[in-house]
Amino acid sequence: MADNGVLPWKKTVPHPAPPSLADQIEDLLPQTQCTKCGYNGCRPYAEAIAAGSADINQCPPGGAHGIVRLANLLGKKVIPLNPVNGLERPRSVAYIDESLCIGCTLCIQACPVDAIVGAAKQMHTVVTSLCTGCDLCVAPCPVDCIVMYPVSGDATGWDAWSQAEADDARARHDFRAQRLRRESEENEARLAAKAVAKMREVTQETPVTPDEQAEKERKRAIIAAAMERARAKAAASTDTAPPAPSTPKKDA
């Protein structure tokens, strides 16, 4: 029995907060994270729709069916896909010509769902079952060794995609975002520790001449400025404001 006399299984468990409108909208997006909508991923686009700053017809991967899904949720009129954002096309996956790949890792860095494997100066390859067809890896490749191959025949939009695939893609995208954030925080912590150690080392110096004293103060100023930049960067990273829309990315 609990200390307050209440049986553990009788305690009231708070209910999770109901999904926000942005949550419900995000659930209807294909999660390709292609940025063709003009936003840096499906979540920012969902938040923009919820805020009324974006329309429901900016997602080429979702296509006409995706617009219907959003219109039904929001009670809006079904409208055509905005051609500024691209055209509804069959689903494609990326393919890397291994004979041309130089192992620069730029495609790995660009892939929003960790569908590309490889290492620096080693050949890369695309795990086609994980590829969302976003084509974000194509442009960064310096040797043009990546091409997009259609794999869905004539099927487009949600006819070429499934909710299960969208859910899996979102999970991989979110996991990648968490990993990158953790790695960034760990790197910043290492740099901060090095800066503190360096500041301690410089502070313990015992200059004899005025020139040595001036050099000590110069070093201290440089380290202090670096530490202040790190603090400012850390403070900026805690800002939870939604990302600003980027320039819409058209289909090739």
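Tutor: Let's start with a cut-off: a residue is called buried when its relative accessible area is under 20%, exposed when over 50%, and partly exposed in between. Keep in mind that this is a predicted model.

Student: Okay, so why is Val113 called buried?
Tutor: Its relative accessibility is 1%, and buried means under 20%, so Val113 counts as buried. You'll find Val113 in the loop between helix 4 (106–110) and strand 2 (116–117).

Student: Which residues is Val113 in contact with, leaving aside its neighbours within four places in sequence?
Tutor: Leu130, Thr132, Ala169, Arg172, His173 and Arg176. Take Thr132: it sits 19 residues from Val113 along the chain, and their C-alpha atoms are separated by 7.8 Å.

Student: What makes Asp23 and Arg43 a salt bridge?
Tutor: You need a side-chain nitrogen of Lys or Arg within 4 Å of a carboxyl oxygen of Asp or Glu. Here the N to O distance is 2.7 Å, so the pair passes. It links distant parts of the chain, with Asp23 in helix 1 (residues 21–27) and Arg43 in helix 2 (residues 42–51), 20 residues apart.

Student: Which parts does the salt bridge between Arg43 and Glu26 tie together?
Tutor: That one has an N to O distance of 2.8 Å. Arg43 lies in helix 2 and Glu26 in helix 1, so parts 17 residues apart in sequence are tied together. Glu26 has a relative accessibility of 9%, so by the under-20% rule it counts as buried.

Student: How do you know that Glu186 and Arg182 make a salt bridge?
Tutor: Their N to O distance is given as 4.0 Å, and the cut-off is within 4 Å, so the pair is counted. Both residues lie in helix 5 (residues 163–203), four residues apart, about one turn of the helix. At 40% relative accessibility, Glu186 is partly exposed, and Arg182, also listed at 40%, gets that label too.

Student: Which residues do salt bridges with shared partners join into one network?
Tutor: Asp23, Glu26, Asp27, Arg43, Glu47 and Arg170. A search of the whole structure finds 13 salt bridges.

Student: How do you know that the span of helix 5 agrees with its number of residues?
Tutor: At 1.5 Å a residue, its 41 residues should span 60 Å, and the end C-alpha atoms are 59 Å apart, so the two agree. As for burial, Ala166, Ala169, Arg170, Arg172, Arg176, Ala195, Met199 and Val202 are buried in helix 5.

Student: Which members of the largest nonpolar core touch the most other members?
Tutor: Ile96, Ile116 and Ile146, out of 19 residues. Strand 1 (92–96) and helix 5 are the elements that give two or more residues to this core, and strand 1 has the largest share, three residues. Leaving aside neighbours within four places, the contacts of Ile96 include Cys107, Ile116, Val126 and Ile146. Another core lies apart from it, with 17 residues, among them Cys37, Cys42, Ala48 and Leu70.

Student: Why is Asp135 called buried?
Tutor: At 18% relative accessibility, it falls under the 20% cut-off, so the label holds. Asp135 is in the loop between strand 3 (125–126) and strand 4 (146–150). Its side chain makes a polar contact with the side chain of Lys36, at 3.3 Å, and the limit for such a pair is 3.5 Å.

Student: What makes Asn57 buried?
Tutor: Its relative accessibility is 10%, and that is under 20%, so Asn57 is buried. Asn57 is in the loop between helix 2 and helix 3 (63–74). A polar atom of its side chain lies 2.9 Å from the backbone oxygen of Pro80. Beyond its neighbours within four places, Asn57 has contacts that include Tyr45, Ile67, Pro80 and Asn85.

Terms used
Residues are numbered from 1 along each chain as its sequence is written. This is a predicted model: local features need pLDDT of at least 70, side-chain atom pairs count only at pLDDT 80 or more; totals for chains, interfaces and linings use all residues. Side-chain values use heavy atoms; hydrogens and water are left out. Buried means under 20% relative accessible area, exposed over 50%, partly exposed in between (1.4 Å probe, protein chains only). Contact means heavy atoms within 4.5 Å. A nonpolar core is a set of buried Ala, Val, Leu, Ile, Met, Phe, Trp, Tyr and Cys residues joined through side-chain atoms within 4.5 Å. A polar contact is a pair of N or O atoms within 3.5 Å; within protein, one must be able to donate a hydrogen and the other to accept it, and residues adjacent in sequence count only if both atoms are side-chain atoms. The expected span of a helix is 1.5 Å times one less than its number of residues.
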